[in-house]
Amino acid sequence: MARREVLELPGLGHSNPIPYAVKIGSLVFTGGISGQDPATGNVPSEPEQQIALAFRNMQAVVEKAGGTTDNIAKVTVHLRDMSLRQQVNVEWLKMFPDEHDRPVRHTLPSDSPTNPGIQLEMIAVL
């Protein structure tokens with residue numbers, strides 16, 4: 001079995017001793033990707049900005065692993081406010097415009113105290 005490679009991105013991370021993402025062979029797995037701004041380390045208060053940043057952070061992870069958003073196979077979305085699904089769809093369609101070539105997605109409500117508004121989890125195959 002291939003050795004696990006920890007993927008960290010400047011300005012992003014967790015307060016717990018958990019990697020941001022790992023790559024094992026051709027597979028990439030993430031923990032929770034939030035709408036944290038990597039330039040400041042802060043999470044904006046506006047949900048639309050959080051959602052856009054979360055998608056950009058997910059793209060940065062797959063690119064750090066050596067892939068592109070075309071390699072993303074599954075995304076799980078955790079939302080504090082399920083009424084924001086439409087805004088998630090806006091960013092989703094920007095990232096995955098081809099209706100015949102999109103990853104699967106599952107959206108769940110989240111009341112986790114560590115989820116400021118949105119968290120994404122991703123699985124990619126390189």
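Predicted model: local features only at pLDDT ≥ 70, side-chain atom pairs only at ≥ 80, totals over all residues.
In which loop does Arg-102 lie? Arg-102 lies in the loop between helix 2 and strand 6, where helices (H or I, at least four residues) and strands (E, at least two) are DSSP runs, numbered from the N terminus.

Residues are numbered from 1 along each chain as its sequence is written, and side-chain values use heavy atoms, with hydrogens and water left out.

Let me stay with Arg-102, which counts as partly exposed at 31% relative accessibility; buried means under 20% relative accessible area, exposed over 50%, and partly exposed in between, with a 1.4 Å probe and protein chains only. Leaving aside residues up to four places away in sequence, Arg-102 touches Trp-92, Leu-93, Phe-96 and Pro-97, a contact being heavy atoms within 4.5 Å. A polar atom of the Arg-102 side chain lies 2.7 Å from the backbone oxygen of Phe-96, and the side chain of Arg-102 also reaches the backbone oxygen of Pro-97, at 3.3 Å.

Now to helix 2, residues 85–95, in which Val-88, Glu-91, Trp-92 and Met-95 are buried. Seen down the axis of helix 2, these buried residues fall within an arc of 105 degrees, so they line one face of the helix; the arc is that of the directions from the helix axis to the C-beta atoms. As background, an α-helix has 3.6 residues a turn, so residues three or four places apart point the same way. On the other side of helix 2, Gln-86 and Lys-94 are exposed, whereas the buried residues of helix 2 pack against helix 1 (47–64), strand 5 (72–79), strand 6 (104–109) and strand 7.

Another loop, the one between helix 1 and strand 5, holds Thr-69, which counts as buried at 15% relative accessibility. Not counting residues up to four places away in sequence, Thr-69 touches Gln-59, Val-62, Met-95 and Phe-96.

Finally, let me turn to strand 7, where Ile-123 is found. Ile-123 is partly exposed, with a relative accessible area of 31%.

Terms used
Polar contact = N/O pair within 3.5 Å; in protein donor to acceptor, adjacent residues only side chain to side chain.
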